[in-house]
Amino acid sequence: MARSPFKPSKNALKASSYALLASFSLAFCLPVASFCAQTPSPDAAKKLLHPLSQKALNRKPKNPVEPEDTGPKLYGPTAPDAWRAEAENGNQDAVEFSKCMDFVENSDPAQAKTCFEREANKGYTPAVTALGKAYLEGKGVEKNTQEALTYSLRAAKAGDPEAQYNTGLLYLNSDGIMPNFHKALYYLQRSANQQYSPAEYNLAILYLKGIKGVKQNTIVGMRYLQAAADHNDAHAAELLSRPDELKGFKGE
């Protein structure tokens with residue numbers, strides 16, 4: 001039976017949903033520097049997800065194609081700032097990475113970039129994460145979202161929560177990267193599962209606002225928001241201090 005010309009095709013519906021996602025990201029997500037959240041544990045987080053989101057986590061989206069990982073196998077700590085303790089204990093890789101961070105603290109991004117590249121080429125995870133962040137923010141290098149994704153994704157797969165967060169943001173909406181909400185949610189969720197507060201805050205906003213793939217749920221959103229505040233996220237604490245603004249989410 002021929003399809004009615006007045007009934008939109010599945011491709012047309014899919015295209016409209018991506019358009020809606022892109023418009024939401026531009027209007028709401030980009031103005032906020034760190035904007036989504038996390039949950040207490042991986043199992044608890046998984047149960048909180050809306051069915052549509054759960055399906056997204058369980059399947060590998062076809063597009064966009066992820067950069068091929070041709071670098072050395074990564075090693076080293078993935079927890080934020082865990083390299084500091086290793087450097088104090090004399091771990092040579094951590095000591096070398098600490099020298100890179102000294103360049104950052106001394107406002108010498110060009111030297112920091114060279115140092116990060118040297119350590120990233122060895123496969124040291126904190127350096128790979130730092131290099132991805134440098135390309136994402138354009139510090140010491142020309143901003144390049146493709147390079148940012150290449151490095152961030154490598155470290156994200158190794159389990160680094162900061163890299164997972166940056167990867168999620170890149171897939172959510174970045175120039176030069178095709179928006180892929182399923183992957184954005186996937187990496188933001190995994191970052192949040194490790195109590196990385198920027199990811200917790202961003203997921204809170206996604207649930208409080210509600211977009212394609214995440215059904216608006218103020219209860220879940222508030223849990224993420226409180227988790228982010230508990231983990232010292234300033235944006236979350238500020239929003240919790242404005243109950244009148246939070247009431248606006250409930251009315252949407």
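These legends walk you through close-up views of one predicted model. Residues are numbered from 1 along each chain as its sequence is written, and side-chain values use heavy atoms, without hydrogens or water. Local features need pLDDT of at least 70 and side-chain atom pairs pLDDT 80 or more, while totals for chains, interfaces and linings use all residues.

**View 1. Helices α5 and α6 cross at roughly 160°.** Helices here are DSSP runs (H or I, at least four residues), numbered from the N terminus. The axes of α5 (residues 92-105) and α6 (residues 109-122) come within 8 Å; axes are lines fitted to C-alpha atoms over the stretch in contact, with angles from 0 to 180 degrees between N-to-C directions. The crossing angle therefore makes α5 roughly antiparallel to α6, a label for angles over 145 degrees. Among the residues that meet are F97 and C100 in α5, and C115 and F116 in α6.

**View 2. F116 has contacts beyond its sequence neighbours.** Contact means heavy atoms within 4.5 Å. Leaving aside neighbours within four places in sequence, F116 touches F97, C100, M101, V104, A127, A130 and L131.

**View 3. S174 sits in a loop.** Look for S174 between α9 (161-172) and α10 (181-192). Is S174 buried or exposed? S174 is buried because its relative accessible area is 14%; buried means under 20% and exposed over 50%, with partly exposed in between (1.4 Å probe, protein chains only). Beyond neighbours within four places in sequence, S174 is in contact with T145 and L169.

Note on methods: Helices (H or I, at least four residues) and strands (E, at least two) are DSSP runs, numbered from the N terminus. Angles under 35 degrees count as roughly parallel, over 145 as roughly antiparallel, 65 to 115 as roughly perpendicular and the rest as oblique.
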